[in-house]
Amino acid sequence: MENKERPAYGGQAVVEGVMFGGKKHTVTAVRRKDSTIEYFHLPRKSRPLFQKLKKIPFLRGIVAIIEASANGSQHLNFSTERFDIDPSEDEKISEQKTSKLSMILGVATIGVISFLFGKFVFTLVPIFLAQLTRPIFSSDFSQVLVEGLFKLLFLLTYIYLVSLTPIIKRVFQYHGAEHKVINAYENLKELTVENVQAQSRLHYRCGSSFILFTVIVGVFVYMLVPTTPLWLRVVDRLALIPVVLGISFEVLQLTNKLRNVPVLRFLGYPGLWLQLITTKEPDDDQVEVAIASFKELLRMENIKEEDINSEEIV
């Protein structure tokens, strides 16, 4: 087989399961009440315009976010519906599948809207909090720094508080399992529970790192625009959201490429530190689900399991 670059896979944790995405498919595996594993398959739709935009730096990140929000919402919807249903009720549930499938587009749309709404709130609230400190920090430079500090505190507090809930704690464990599987795959390890558990639960290409980079990148971008008057500051922040997202995505990709360069690998450390909160060590059963999801994706992508520990995988 001709030696080619190994494809990069990504995923996300869902309720009692893990989703992985490839070039042509996305797959979720969920642990049911009877300990069986159920799968949800979703083909990636071919969108010529999106494919062209994905090749343009700074625009490709925005496209990736839109796709991830839309696809991720459908997989999350599947996991929340299926994991807590007794398998004996499957026949009854199947009668309702047609009406539920007709809602998929709506679920995807809601996912994108929810992301944008969250981003707006996360952007606007720190502005008004920073504005309250203007009598003390009056310069544009200090205002941007205070605004960034409030964003960071807002982010860390929110993640920490939600991590205390039992269901989110388990989601974070599945998040750790997802990273471990990806690390095992990238390190050419056979996908066994033992091998996967030996891997790190942190990964440079994680969405948690991306979120943190939006805060850091935002500080530098907002230095280029004034903070007064307040209405202009609000307009600028909202208008610059796509710019911040696009740059942050490129920073994420850059830190991932530099992760094996000793002098530069530290550039990704802030994102890894945040993952100490957004990921938890999974148990063997959770790792088993993550492995099952990844192997099912490989099957859908027509990649042989015995080839995943070869550098010649395509």
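Select Arg 201 and then the residues around it. Leaving aside neighbours within four places in sequence, Arg 201 is in contact with Gly 176, His 179, Lys 180, Gln 275, Leu 276, Thr 279, Lys 280 and Glu 281. Keep in mind that this is a predicted model.

Is Arg 201 buried or exposed? Its relative accessible area is 18%, so Arg 201 is buried, since buried means under 20%.

At 3.2 Å, the Arg 201 side chain reaches the backbone oxygen of Leu 276. The side chains of Arg 201 and Thr 279 are joined by a polar contact of 2.8 Å.

Which residues line the largest cavity? Select Val 144, Glu 147, Gly 148, Lys 151, Val 215, Gly 218, Val 219 and Tyr 222. Colour them by type: the lining divides into four nonpolar, two polar and two charged residues. The volume of the largest cavity is about 30 Å³, and the count of cavities of 30 Å³ or more comes to one.

Go now to the strands, and select β3 (residues 25–31) and β4. The two run antiparallel and are joined by seven bridges. To see one place where they face each other, pick Thr 28, which stands opposite Phe 40 in β4. Then follow the chain through the hairpin of β3 and β4, where five residues lie between the strands. Stop at Ser 35 in this hairpin, which takes a positive phi near 75 degrees.

Stay with strand β4, residues 37–43, and show its side chains. In a regular strand, side chains alternate between the two faces of the sheet. Which residues of β4 are on the covered face, and which on the uncovered one? Glu 38, Phe 40 and Leu 42 make up the covered face. The uncovered face has Ile 37, Tyr 39, His 41 and Pro 43.

Finally, zoom out to the whole chain and colour it by secondary structure. There are 13 helices and four strands. Of the 314 residues in the chain, 44% are buried. Among contacts with a separation of 6 or more, 71% are between residues 24 or more positions apart.

Terms used:
Residues are numbered from 1 along each chain as its sequence is written. This is a predicted model: local features need pLDDT of at least 70, side-chain atom pairs count only at pLDDT 80 or more; totals for chains, interfaces and linings use all residues. Side-chain values use heavy atoms; hydrogens and water are left out. Buried means under 20% relative accessible area, exposed over 50%, partly exposed in between (1.4 Å probe, protein chains only). Two strands pair if DSSP finds at least two bridges between them. On a 1 Å grid over the protein atoms alone, a cavity is a set of points where a 1.4 Å probe fits but cannot get out, and a pocket is an open set with protein on both sides within 12 Å along at least five of seven lines; lining residues have an atom within 4 Å of a point. Grid points are joined across faces, edges and corners, and a volume is the space filled by probe spheres set on the points. Ala, Val, Leu, Ile, Met, Phe, Trp, Tyr, Cys and Pro count as nonpolar, Asp, Glu, Lys and Arg as charged, and the others, Gly among them, as polar. A polar contact is a pair of N or O atoms within 3.5 Å; within protein, one must be able to donate a hydrogen and the other to accept it, and residues adjacent in sequence count only if both atoms are side-chain atoms. Contact means heavy atoms within 4.5 Å.
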